[in-house]
Amino acid sequence: MTIVSPCASNHDLGVCDLLGEGMAGIFGPQSTESSSVVQSTCGALDVPYIQTRWEYRLKPKKHNINLYPPPNALGEAYLAYVKEKNWKMFAILYESNDALIRLQELLKDPMIKQRRAVVRQFEESNDYRKTLKELGRKGIKNFVVDVETQNVPLLLKHVSKN
């Protein structure tokens, strides 16, 4: 097993060198640029490539596996949950514009017009309190939230204080 720095450049990845040493497959990398190079190289050499990050821009290839579900599957899961819980009023909260891709199945469902749904993008400062307090004043207690994994503890801390 060889671990390559997350900041490695295309040259530093050494994919060809690793494959020449008998590497059976590749996990990662995290950057979009490096991921494209690795995917292309693995595809050309028929080597399994396992993506370990959410990526909707790259087209799946024969030897490519992404550990994250496709965006429409996440959206359908959000929608099924809201319907199962029969939420009449809820908020859809997100950080980055990429989240809208994951949330699109929920956002485009006709049911959303029949329920009181509020859609808000969190401010870049990662201070979730202002948005949570605003929604609390409106009586909204149910949320569908899409934030970066590393921000979940802070979000939960802010939720617990409201």
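**Patch and salt bridges**

Mentor: Ile65, Leu67 and Tyr68 make a nonpolar surface patch of about 310 Å². Patch residues have over 30% relative accessible area and no salt bridge; like charges are joined within 9 Å, nonpolar side chains (Val, Leu, Ile, Met, Phe, Trp, Tyr) within 5 Å. Areas come from the Shrake-Rupley method with a 1.4 Å probe, and for residues only the protein chains shown count as cover. This is a predicted model: local features need pLDDT of at least 70, side-chain atom pairs count only at pLDDT 80 or more, and totals for chains, interfaces and linings use all residues. Residues are numbered from 1 along each chain as its sequence is written, and side-chain values use heavy atoms, with hydrogens and water left out.

Trainee: Is leucine 67 buried or exposed?
Mentor: Buried means under 20% relative accessible area, exposed over 50%, partly exposed in between (1.4 Å probe, protein chains only). Leucine 67 has 56% relative accessibility and so counts as exposed.

Trainee: How many salt bridges does the structure hold?
Mentor: Side chains of opposite charge can pair when their charged atoms come close. The cut-off is a side-chain nitrogen of Lys or Arg within 4 Å of a carboxyl oxygen of Asp or Glu. The structure holds seven. One of them joins aspartate 146 and arginine 102 at 2.7 Å, N to O. Aspartate 146 lies in strand S6 (residues 143–146) and arginine 102 in helix H5 (residues 99–107), so the pair ties together parts 44 residues apart in sequence. Helices (H or I, at least four residues) and strands (E, at least two) are DSSP runs, numbered from the N terminus.

Trainee: What is the relative accessibility of aspartate 146?
Mentor: Aspartate 146 is at 8% and counts as buried; arginine 102, at 11%, is buried too.
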